[in-house]
Number of protein chains: 2
Amino acid sequence: MNDWLPFRRLALLGFGLIGSSLARAARREGLAERIVCADRSVNVLDVARRLDLVDEAHADPAAAVAGADLVLVCTPVGAYAEVGQAIAPHLASGAILSDVGSVKQVAIRDLGPLVPEGVHFIPGHPVAGTEESGPEAGFADLFRDRWCILTPPPTAGEAAIARLAGFWQRIGSRVEVMDARHHDLVLAITSHLPHLIAYNIVGTADDLETVTKSEVIKYSAGGFRDFTRIAASDPTMWRDVFLNNREAVLEMLGRFTEDLAALQRAIRWGDGETLFNLFTRTRAIRRAIIDAGQEEAAPNFGRRPKGAVRKD
Amino acid sequence: MNDWLPFRRLALLGFGLIGSSLARAARREGLAERIVCADRSVNVLDVARRLDLVDEAHADPAAAVAGADLVLVCTPVGAYAEVGQAIAPHLASGAILSDVGSVKQVAIRDLGPLVPEGVHFIPGHPVAGTEESGPEAGFADLFRDRWCILTPPPTAGEAAIARLAGFWQRIGSRVEVMDARHHDLVLAITSHLPHLIAYNIVGTADDLETVTKSEVIKYSAGGFRDFTRIAASDPTMWRDVFLNNREAVLEMLGRFTEDLAALQRAIRWGDGETLFNLFTRTRAIRRAIIDAGQEEAAPNFGRRPKGAVRKD
């Protein structure tokens with residue numbers, strides 16, 4: 001990794017939370033001589049210019065990728081086919097084309113066939129984010145200590161994979177290479193299903209007629225508010241995730257529903273032992289996540305740490 | 001509230017996260033001349049003495065309540081009948097007997113019939129907590145800006161209710177009076193069902209054979225880790241909640257499952273509009289919770305706020 005050289009031109013297509021965080025991180029670490037973005041929203045381009053996050057901000061993705069040696073697609077995955085059509089004729093030979101989408105088989109399906117000879121296509125997914133959206137919500141440290149999963153096709157060159165991995169490592173990420181199909185299964189349980197369930201329970205609460213909306217809001221500190229944070233994530237991004245990882249999400253949802261039916265039965269029949277055993281087992285997983293550096297140990301339900309008032 | 005006088009002797013029965021936080025808060029605010037606790041765990045009593053959180057620490061709850069003018073039961077709700085039997089003959093006339101349990105009809109069912117004439121019985125529930133347990137995890141600010149719900153029986157005296165409400169207000173809580181049955185319904189959706197679902201998905205993930213435990217842990221930042229925090233809550237307390245609020249939990253679970261089936265169908269049939277509409281609607285509820293002071297606005301998925309490293 002010591003002979004790693006900056007890219008000449010980094011093109012970020014889609015400039016929301018992830019794209020703008022990448023611009024900030026890449027600039028801070030000096031990973032590209034020139035950083036450019038494209039976005040179909042005029043407002044987003046205005047923000048990119050006003051905050052001076054990029055060297056060029058384009059409405060046309062083709063203009064952004066021209067001459068770029070690293071192109072990262074940062075749009076919702078449902079836009080990949082359209083973006084791919086727009087940029088394919090303009091991709092420079094020798095360039096690396098990657099993305100940050102939460103589903104990887106769709107990147108291979110919608111972008112893969114459009115990639116010209118001589119361009120290195122290596123789909124990627126940084127497992128990082130916040131419940132906020134848009135370029136103003138981004139920050140350079142978003143990827144620090146998080147995992148970035150690369151799912152290169154079998155034909156991808158080792159040198160290009162190593163170069164892209166070096167980029168992610170330099171902005172603080174750990175890199176793992178994985179088969180795209182397996183990625184989609186893993187993320188279905190660690191990310192997609194949690195979001196689906198959170199969206200669902202918030203919707204259920206919103207629809208009740210026996211409990212008022214005001215009561216749901218006032219007494220949300222009992223656990224519900226943590227679900228609303230997840231359910232505040234970007235609607236377009238998440239719609240596209242579920243539409244494009246259908247098979248794996250339905251598989252995990254089926255298992256979840258089965259297990260929930262068993263819990264429901266335990267409650268109905270007063271089977272305290274089944275409940276207690278599950279509730280004890282789940283504690284160990286949290287401990288392992290903290291030990292793996294993927295979570296802070298400090299309790300968060302109290303929100304304000306002991307006695308202090310947070311300023312942020 | 002200006003003529004509010006401290007209690008002479010506050011007895012906390014059960015000295016875990018909530019009981020010990022009450023001791024800290026009551027002492028800091030000078031709300032009782034003497035604060036005593038009882039717990040059946042020798043270790044817990046040792047901690048209470050070592051940290052100097054109380055004036056007396058008893059193994060026998062009867063010894064703690066003797067002469068107390070405020071008694072707060074802070075055990076899991078499944079222990080109420082036993083605690084009630086032990087203390088009933090020793091309760092002082094004119095004392096207020098309350099509790100902090102997450103289910104209120106069970107307090108009325110298991111404690112109510114044992115309360116001697118002349119004792120004011122007013123069940124209560126502070127909607128506050130963390131994912132940690134035990135007296136070392138407590139802190140005085142736990143109840144600040146949180147709601148405490150009182151569910152007095154129709155016969156309860158106004159003066160006793162006002163006096164108990166004053167206690168909670170002085171440790172920073174807002175107080176609401178509610179019917180016990182309605183309380184149990186409201187908390188079933190804002191607290192009990194979220195916990196059940198979190199426990200369930202963590203169990204589902206733990207059981208998978210196609211995704212390894214190490215993968216679940218590594219890629220948990222995509223949403224799953226937030227569920228593990230909720231699923232790290234105290235197993236005994238939560239077993240007792242589900243066994244004692246069965247009807248309301250099953251009602252809310254039925255609605256949740258119905259709604260989830262509709263979402264499942266939308267995913268299977270590629271109905272992006274249904275998904276997008278739900279995902280947009282849920283954002284508004286989070287905004288309302290933040291506006292109501294029950295949640296911080298700062299994004300938490302990034303965990304470390306922009307560029308900073310938390311010291312706690």
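In chain A, the C-alpha centres of domain 1 and domain 2 lie 30 Å apart. The model in which you see them is a predicted one, and the domain assignment of chain A places domain 1 at residues 7-178 and domain 2 at residues 183-291. Where these two parts touch, domain 1 of chain A contributes 14 residues and domain 2 of chain A contributes 16 residues. On the side that belongs to domain 1 of chain A, the touching residues divide into six nonpolar, six polar and two charged.

From the contact inside one chain we can turn to the contact between the chains. Here 100 residues of chain A are in contact with 99 residues of chain B. On the side of chain A that touches chain B, the elements that give two or more residues are helix 7 (180-207), helix 8 (213-218), helix 9 (224-230), helix 10 (235-244), helix 11 (246-268) and helix 12 (272-291) of chain A. Helix 7 of chain A provides the largest share of that side, with 19 residues. Sorted by class, the side of chain A that touches chain B holds 53 nonpolar, 22 polar and 25 charged residues.

Ile197(B) sits in helix 7 (residues 180-207) of chain B, and, if its neighbours within four places in sequence are left aside, Ile197(B) is in contact with Ile197(A) and Ile201(A). Is Ile197(B) buried or exposed? A residue counts as buried if 20 or more other C-beta atoms lie within 10 Å of its own, and because Ile197(B) has 26 other C-beta atoms within 10 Å, Ile197(B) is buried. The second residue, Gly222(B), is found in the loop between helix 8 (213-218) and helix 9 (224-230) of chain B. With 25 C-beta neighbours inside 10 Å, Gly222(B) also counts as buried, and, not counting residues up to four places away in sequence, Gly222(B) touches Val127(A), Leu187(A), Thr190(A) and Ser191(A).

Let us now leave the contact between the chains and follow a sheet in chain B. This is an open sheet of six strands in the order 3-2-1-4-5-6, with parallel pairing. Its edge strands are strand 3 (56-58) and strand 6 of chain B, each of which pairs on one side only. In general, the strands of a sheet pair through backbone hydrogen bonds, either parallel or antiparallel.

Strand 4 (residues 70-73) of chain B runs parallel to strand 5 of chain B, and four bridges join them. In these bridges Leu70(B) has Ile96(B) as its partner, while Leu72(B) stands opposite Ser98(B). On the way from strand 4 of chain B to strand 5 of chain B, the chain passes through helix 4 (residues 80-87) of chain B, and this β-α-β crossover is right-handed. Strand 5 of chain B also pairs with strand 6 (residues 120-121) of chain B, again in the parallel sense, over two bridges. There, Ile96(B) stands opposite His120(B) in strand 6 of chain B.

In a regular strand the side chains alternate between the two faces of the sheet. Which residues lie on each side of strand 5 (residues 96-99) of chain B? Ile96(B) and Ser98(B) are on one side, Leu97(B) and Asp99(B) are on the other, and all are buried, so that both faces of the strand are covered.

A last stop is a loop residue in each chain. Asp145(A) lies in the loop between strand 7 (124-126) and strand 8 (147-150) of chain A, and its phi is near 70 degrees, a positive value in a residue other than glycine. Asp145(A) is partly exposed, with 15 other C-beta atoms within 10 Å. In chain B, Asp145(B) is placed in the loop between strand 7 (124-126) and strand 8 (147-150) of chain B, with a positive phi near 65 degrees.

Conventions
Residues numbered from 1 in each chain as written. Chains lettered and ligands numbered in written order. Predicted model: local features only at pLDDT ≥ 70, side-chain atom pairs only at ≥ 80, totals over all residues. Buried ≥ 20, exposed ≤ 12 C-beta atoms within 10 Å, placed from the backbone. Pairing = 2+ DSSP bridges. Right-handed = clockwise from strand over helix to strand, strands pointing away. Contact = placed C-beta atoms within 7 Å. Nonpolar A, V, L, I, M, F, W, Y, C, P; charged D, E, K, R; others polar. Domains from an automatic or database assignment.
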